[in-house]
Every structure is written in structure tokens, then in C-alpha cells.
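User: I should like to learn how to read a structure of this kind. Could you guide me through its features?

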Amino acid sequence: MAGHMKTDLPAHRNIFRMIAAPTVWAIHFLLVYCTAALWCARDWGSIGALQAVIFGYTAVCLILVGILGWQMWRQWDYFDDNDYIHDQSTDEHRREFLGHAGFMLACLSFVAIIFDTMPAIFAATCQ
Amino acid sequence: MLSAQDLPQPFDRKLAHALPLRPGTDHLKAAPALAAFGFLTACVGPQSALDPAGRDAETLADLFFWLVAGAVVLWVLMNGLMFYAWRAKPRPISPKTGRWLIFGGGIVFPTVVLAGLLSYGLSVIPDQRAPGEGLRVEITGEQWWFRVAYWPEGATEPIHSANEVVFPVGQRSELTLKADQVIHSFWLPSLAGKTDMIPGRVNRMSLEPTEPGEFRGQCAEYCGESHAWMAFTALTLMPEEFDAFLQDLAAPAVPPDTEVGQAGRTAFMAHGCGGCHTIRGTPARGNVGPDLTHVGSRLNLAAGALDVTVPDLAAWITDPKAIKAGAKMPAYDHLDPDEIVAMAVYLEGLK
């Protein structure tokens, strides 16, 4: 199959690429939390401006996670061989496994970043 | 020597009298009645989030019932699906259908449901923090009682009380929550949600009672050995009754004019009680313990541990630690019992 013929690049073996998307989610969470805390404690401006800043973080992080997810989807390359079981100790299986797991983590992180942002939409208050 | 067990315990006692269980009853026969009683009464009472008497408590009760209803639907769906798959129609499905089932039921469905629940849950938060409409009540968590100060609109100095909070019905009151020494939590489930009281910080919440009544609140954050004895009474009054209440509360103490009452006043002043307690209109100006100006008209004593009766007051003065472990007030058991009773009569008469 075509998958067997692909070159295995160092990036394909990098486990940190798999957790890059959840890392973006964690950073987003931290940014939102710290910004809101400082904004309210130091009275930096209106709630509307705080919302705008948070939406800005969210947009950037969603784009990043989108890109990472797309890269992992490419690495999984599901439509190449429709393979979603990766249980062999071969380059292809390792590559597809990391891609598969990384893609799903990116999907999870995407949703989680949206959930992180929801308090800024529905409960925008410093009280 | 008195011990805590000998003393009246207002809320437990009421419950115990209402229970169909009596010493000597055949407990097995009483069990179903007891169970039914438990189910019927579990949701009502002076301290129940499921029996709301305030706007915010109503919102929280709605949140609870929606979540429970949702959980029941999900439980029935999941178990129904399992029953269908294993018992009703045990036949294999294609891997493709299986994958779509996992994708739809395991990823899309919970994401959508959680997003809906999160939006709903978050959307009720701003209302719970809405600004008050005049009255502000400053409540400070002490070990182990609640210091209460009413700031009516435009007031330059507060009206002090303790262990009892009174709110007007139909108006949103602002609560300023503070703490001395350790973290406490203000929880009045019949009227509103729960907010922590943190030393060095000022937290705020607001609540709007919808009906007049008497409710019970409780410190909801472990704060030391008598944490469980740190309760308070909340009264909700119609606005005109509330104004009258506040006017009475602001007035100086009216001491009982009986001979025993007067002797009690003399003893109270002579033994230095005024070093810790304030009784407005007398030389007692202490600020360590609760304000006792109108202690006789309150609905509880010692933060819900006792009733405001002469025997309870006398028991408390004699040995507070026997009733509330770790209580900061020293015991006065070295005094002549008649003198203690006189003080109790004086305090009970401070209406």
C-alpha cells in the first residue's frame, strides 16, 4: 500500500507534536484566567474590552489548533489506507498512531478552547 | 455539670419530635413510615436549596432539577441502548455503523449536550451577582458566629447585630462578606447560593427573597472545632415590617424593669462583660463578642446552638465551651448561680 512507501521524517516520530494542541489549550486557559483576574483586580478597562481580548486569544489559539490538527490528520493519513488500528512496531504504524492520537487531541482541544471562552460570553462580569 | 447533650438543640429537637420513631417502638414496623417521611420531607424545610424562597435559590433549584432530569434521561437512554443491544435485539452491526455510533454518540452528542448545559449554567451567574437595591448587609465570619452590620441606603454608620440576618421581601439586598482569622462560607440555601468569607478580602453577593419566612443558614467551610455549631437565622419580612424592624434594632436597649433584671444588669457590668460585648445605651462597649443590644428578641443564641431562653443563656454564661468546643468566651462558673440567672434574665429581657 502507498502508506508503506512514505518517508518517515523526524517530525513524524516527535511525540511532542501529538501534545502540542492540548498545550495550546492549557496556555489559552491560563491566559484567559490571568487576564480576567488582572483586568478585574486592576480595573484595566471595560468588560467589553476584556471580552475582545479573550476572543482574540481564542481566535489565535483556534487557528493554531486547527493547523496542528490538520498536520496530524495528514500524518494519520486515514484516507490513504483507512487504517485506524496501529498495533505494529513499524514506522508506518508509529507515524499513523501519533497522527491519529494527535488529531483527536486537537479536536478535543478545539472544543475545550471554545468552552474556555464561554464564561466570557455568558457570564461577563467581574463580580 | 452541664454538658452539650443536656442542652436543647433547636433544630435536631424539632426533627426528633416530628419523627414517627419513638423509644420502644418496633423499629422494623416503623421503618417504611420513616423512609416515606424521609422522602416527603427531605426537600422542604428552613434550610433546603430545593425549597426556594428567593429568586437566586429558585434559579439554583431550576438548575438542579434540569441537571437531574437530564441525567435521568441519559441514564434511561444508555441503559435502554444496552438492553436493546444485549437482550432485545442481539445482532451484530456493521463496523461502519459502529464507527458512526461511536462518533455520534461518543463525541458529537456529549459535546453538544455539554455546550448546552455550560451555556445555561454560565448564563445564570450574572443574575446571582446583580447589584443590590438599597440595603447592604455586612456579614463577618468569626470563630464561631456571624457578626452582622446593616447599612440601609444612605446610612453613615451601621446597625449592629449578630447571628441573625433580616432581609426585606421583594428587594435585592447586597451582602458584603468578610472573615476574621480563618475562612468561612456564607450559605443560606433557601434564599441564595454560597459565597466564601475570606480574611483580608471582601466578597460580595446579593439576594432577593420572594416570600416572608424564617430560614436557617450555616457556615459551609470548615473553620475549626465548632464549625458545625456556626449557624444563623435569616428572617424575611415585608418591606414595611422590615423598616420597623430596622428602626427597633437601631434603638438602644430597653432593659427589663424587674428587680432580677436590674440585678442582672448590675452583675453584667460588674463582671466586665462589657469588655467584649456591646449593649447600646449602657457602658458596655466591647467589640470582641457579639453585640447583645437586642439579644432577647433574636431567634437563636450562640450561632444557632441554643434558644434565647433564661436556662439556655444561664447555661452559656456558666460554661460556653461545654456547648461549643473552643468558644472564645471564658466560663463564669465561679459566679453565684443566682447571679448567672439574673444576668440571663437581664439578657433575655433585652428586646
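User: What does the model score for ipTM and pTM, and what pLDDT does chain B average?

Analyst: The model scores are ipTM 0.81 and pTM 0.80. Chain B has an average pLDDT of 88, and 88% of the residues score at least 70.

User: Where in chain B does pLDDT stay under 50?

Analyst: Where pLDDT is low, the predicted coordinates should not be read in detail. In chain B, pLDDT stays under 50 over residues 1-25, for which the model has 29 contacts beyond four places in sequence.

User: How many residues of chain B are in contact with chain A, and which element gives the most to that side of chain B?

Analyst: Nine residues of chain B are in contact with eight residues of chain A. On the chain B side, α4 (95-123) and α5 (125-128) each give two or more residues; α4(B) gives the most, with five residues. By class, this side of chain B has four nonpolar, three polar and two charged residues.

User: Which residues touch the most other members of the largest nonpolar core, and why does this core lie between two domains?

Analyst: The largest nonpolar core has 64 residues, of which B:A303, B:M343 and B:A344 touch the most other members. Helix α10 (residues 337-348) of chain B gives the most to this core, with eight residues. The core lies between domain 2 (136-236) and domain 3 (259-348) of chain B because both give residues to it. Apart from this core lies another, of 17 residues, among them A:A21, A:M72, A:L98 and A:I113.

Key. Residues numbered from 1 in each chain as written. Chains lettered and ligands numbered in written order. Predicted model: local features only at pLDDT ≥ 70, side-chain atom pairs only at ≥ 80, totals over all residues. Contact = placed C-beta atoms within 7 Å. Helix = DSSP H or I, 4+ residues; strand = E, 2+ residues; numbered from the N terminus. Nonpolar A, V, L, I, M, F, W, Y, C, P; charged D, E, K, R; others polar. Core = buried A, V, L, I, M, F, W, Y, C linked by C-beta atoms within 7 Å. Buried ≥ 20, exposed ≤ 12 C-beta atoms within 10 Å, placed from the backbone. Domains from an automatic or database assignment. pLDDT = per-residue confidence, 0-100.
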